[in-house]
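Hello,

Here is the structure I said I would pass on. My notes follow it.

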Amino acid sequence: MQTKKVQVFWGCFLLWNLHISSSRTIYPGIKARITQQALDYGVQVGMKMIEQMVKEKNIPDIKGSESLEFLKIDYVNYNFSNIKVNDLSFPNTSLAFVAGEGIKALTNHGTVNISTHWEIGSPLFQDVGEADLVLSGVYFTGIILLTRNDFGHPALKLQDCHAQVSHAHVSFSGGLSVLYNSFAEPMEKPILRNINEMLCPIISNEVEALNINLTALEVLTKIDNYTLLDCSLISSPEITEHCLDLNLKGAFYPLENLTDPPFSPVPFVLPALRDSMLYIGISEYFFRSASFAHFTAGAFSVTLSTKEISHQFVQNSQGLGNVLSRIAEIYILSQPFILKIMATEPPVINLQPGNFTLDIPASIIMLTQPENSTMQHIVSMDFVASTSVGLAILGQRLICSLSLNRFRLSLPESNRSDIKVLRFENILSSILHFGVLPLANTKLQQGFPLPNPHKISFVNSDIEVLEGFLLISTDLKHEMSSKQQPSSHSWGSLNLISGRWREKPAS
């Protein structure tokens, strides 16, 4: 009986934990806000894309049978094939947010010019030729619902579709076209009816095709040799009458371990700005998870030989000789030496208004290897390098650069009077400033690829450091003639600080 009570207790405990876990609020690491300006620009771009797409699209044949009572003909079978859209115009088109639902699309007074091959047949005659079809008074309205699927992809669905063409005018050529043009008006009605029946299914199919493409996007992306980035949606898009907000997880993970870091994201609020088309908020959590994941995966470790250090210092005015001579002054070294620098804890990220800093707790080990001898330890000590992070937007990338603010050795009290050891503070500071940080900045110049759709460039971009997050404000530009291939994910590959400074992984 007692055993049964214990089992019931643990069952209730597990169920309670599952409930707590499922009801816990998850905050985003990245927020993206799309404004009405972006929708207005999207109309301009969208109309050009639709025009190009429609002109290239294979339109299905329109077939049917109609009676021509005024000619006492029981039926006429018709088939319009090789249908091509030559021109279209939608002068009154708009997109608007519908709070809590999606985006409303509206167009009216549109016109479409179509050419086609025709065939008609009846008990009395058969004929073929060409025809021009002008559709006018084209009207469409519908709401595109935006949700999130089970895998964190955005999902689209068309709701409340209403589409209609008010007028159709046919002009025949070839065959007995003079005769047909004289009674074309009665034939326009069945054409108009068929087209109106096809419009919403065609539009729905196009939305579904776009939806399938969205589900193919990678939301878990390999960033470098050490980490993955999760940019899945954590909730359905939030839509107000002025904007659409996307909440992305924005978390890094070590390649071999997809466990969440031992800290949680905190909520942050994008300011109520509407001057730019797109706003991207990148939280401190995003950078903290990147720091933790790279540290856990062993990325923050570098080993430099004399030759490698010489390569870094050779172009610096201070020169390698000054630094090495100061080391030799203390230890009278004539043999090659090896420098190992490794983070002892994940670098500490701090975002304050106008200030982005990175504190790197690390240890440094100096070794020497005399000719035909084993490696010998010279000195090791802990230090903290405090750096400022410079930021810039270049194309679609967030570019970071590090500059050394201060360098502090962490020495036991017993060693603080050791002048020889204390003199290393300036020496190591020089090595970091002129050797290690330039290496890091070379890698960081590759930048973080920012999430953006295919063939969309960022223009008029600005970046600001606020309390706990970065705010990127940007307009968008669509490149119709771009030859670049679409990417399968939003964030490209980036190689951060790593042992032996590995090459960027092949994509």
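Which cysteines form a disulfide, and how far apart are their sulfur atoms? Keep in mind that this is a predicted model. The pair is cysteine 161 and cysteine 200, with the sulfur atoms 2.1 Å apart. The count comes to one disulfide. The angle about its S-S bond is -95°, and the link is left-handed. Because cysteine 161 lies in strand E7 (residues 154-173) and cysteine 200 in helix H4 (residues 184-215), the bond ties together parts that are 39 residues apart in sequence.

Two other cysteines are worth a note. Cysteine 231 has a relative accessibility of 12%, so it counts as buried. Cysteine 400 is buried too, at 7% relative accessible area.

Next, helix H4. Its 32 residues reach 46 Å from the first C-alpha to the last, close to the expected 46 Å. The helix bends by about 30° at leucine 199, and proline 201 follows within four residues. Its buried residues include Ala184, Leu192, Ile195 and Cys200.

Last, the nonpolar cores. The largest has 61 residues, of which Ile282, Phe383, Leu398 and Leu470 touch the most other members. Helix H9 (residues 424-444) gives this core its largest share, eight residues. Leaving aside neighbours within four places in sequence, leucine 470 is in contact with residues including Ile280, Ile282, Phe287, Leu398 and Val465. Another core, of 25 residues, lies apart from the largest one; Ile114, Ala184, Leu192 and Ile195 are among its members. Ala184, Leu192 and Ile195 are also in the list of buried residues of H4.

Regards

Technical notes: Residues are numbered from 1 along each chain as its sequence is written. This is a predicted model: local features need pLDDT of at least 70, side-chain atom pairs count only at pLDDT 80 or more; totals for chains, interfaces and linings use all residues. Side-chain values use heavy atoms; hydrogens and water are left out. A disulfide is a pair of cysteine sulfur atoms within 2.5 Å. Buried means under 20% relative accessible area, exposed over 50%, partly exposed in between (1.4 Å probe, protein chains only). The expected span of a helix is 1.5 Å times one less than its number of residues. The bend at a residue is the angle between axes fitted to the seven residues ending there and the seven starting there. A nonpolar core is a set of buried Ala, Val, Leu, Ile, Met, Phe, Trp, Tyr and Cys residues joined through side-chain atoms within 4.5 Å. Contact means heavy atoms within 4.5 Å.
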